[in-house]
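Subject: Handover of a structure and what was found in it

Dear colleague,

Please find below the structure that I am handing over to you.

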Amino acid sequence: MATWNSRGLRGSTLEDLINRTTEQYREKGLALIQKVPTPITPINIDKESRHITLAYFEKKSTVDYIGAVQGIPVCFDAKECATETFPLANVHEHQAEFMEDFERQGGIAFFLIYYTGRNEFYYLRYCDLRVFRERAQEGGRKSFKITELNPRYFLKANRGFFVPFLDGIQMDLEDRD
């Protein structure tokens, strides 16, 4: 059973930027995306501040965000990477299985990776992640390098959106046709 210590999770810049972007998309009527809360059971609560200081995860979480974009179901997970090599261990088996099932149902599943050292966002299509995972399962690299990624899917800041992932979805849809 995994435990959680609140001092280690004080808020993610990536999560804040995505939350602001999803709010902008909602206000403009472009998408309705919701952050999926991670179910926890508190163990210790600071009586003065009423903050949870220790808890355990009730069950494995699937993805960070889920919703719809112009009638298309979408789900995605946000990951940060400090180096130019992304370890596949950062994607849990239950997440990959959920995304696989989600796409089988006609939805779009992807990862938003924030390369912190480069200050760049990347839209990783689930089908591309699957290729890297299959390579690892066949005895290959257990990670992928930034140089292996399709440069087209690096998200460019535009129209005032913090993380313009709708641009990634648009490219993804075009590439599926």
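This is a predicted model: local features need pLDDT of at least 70, side-chain atom pairs count only at pLDDT 80 or more; totals for chains, interfaces and linings use all residues.

Residues are numbered from 1 along each chain as its sequence is written, and side-chain values use heavy atoms, with hydrogens and water left out.

The whole chain

The protein chain holds four helices and 11 strands; these are DSSP runs numbered from the N terminus, with helices being H or I of at least four residues and strands being E of at least two. Of its 177 residues, 38% are buried. Here buried means under 20% relative accessible area, exposed means over 50%, and partly exposed lies in between, with a 1.4 Å probe and protein chains only. Among contacts in the chain with a separation of 6 or more, 64% join residues 24 or more positions apart, a contact being heavy atoms within 4.5 Å.

Helices α2 and α3

How do the axes of helix α2 and helix α3 cross? The axes of α2 (residues 93-104) and α3 (residues 126-137) come within 11 Å and cross at roughly 135 degrees. That angle makes α2 oblique to α3. Axes are lines fitted to C-alpha atoms, for helices over the stretch in contact, and angles run from 0 to 180 degrees between N-to-C directions. Angles under 35 degrees count as roughly parallel, over 145 as roughly antiparallel, 65 to 115 as roughly perpendicular, and the rest as oblique.

On the α2 side, E93, A96, M99, E100 and E103 meet Y126, R130 and R133 of α3. The residues of this contact divide into three nonpolar, no polar and five charged. In this division Ala, Val, Leu, Ile, Met, Phe, Trp, Tyr, Cys and Pro are nonpolar, Asp, Glu, Lys and Arg are charged, and the others, Gly among them, are polar.

One of the α2 residues, E103, counts as buried because its relative accessibility is 18%. Leaving out residues up to four places away in sequence, E103 touches I108, A109, Y126 and R176. The C-alpha atoms of E103 and V74 are 8.8 Å apart, although 29 residues separate them along the chain.

The nonpolar core

The largest nonpolar core has 48 residues, of which Y115, F144 and F165 touch the most other members. Strand β8 (residues 108-115) gives the most to this core, with eight residues. Such a core is a set of buried Ala, Val, Leu, Ile, Met, Phe, Trp, Tyr and Cys residues joined through side-chain atoms within 4.5 Å. In soluble globular proteins, nonpolar side chains tend to be buried together.

Which residues is F144 in contact with, leaving aside its neighbours within four places in sequence? They are E84, T85, F86, L88, I113, Y115, L124, L129, F132, R135 and L149.

I146 lies in the loop between β10 (143-145) and β11 (154-155), and is buried, with a relative accessible area of 7%. Beyond four places in sequence, I146 touches E84, Y115, R118 and F154. Its C-alpha atom is 7.6 Å from that of F86, 60 residues away along the chain.

I66, in strand β5, is partly exposed at 30% relative accessible area. Not counting residues up to four places away in sequence, I66 touches L32, I33, Q34, V36, V74, C75, F98 and F102.

Q70 is in the loop between β5 (65-69) and β6 (72-81), and is exposed at 58% relative accessible area. N119 is in the loop between β8 and β9 (120-125), and is exposed at 53%.

Yours sincerely,

A colleague
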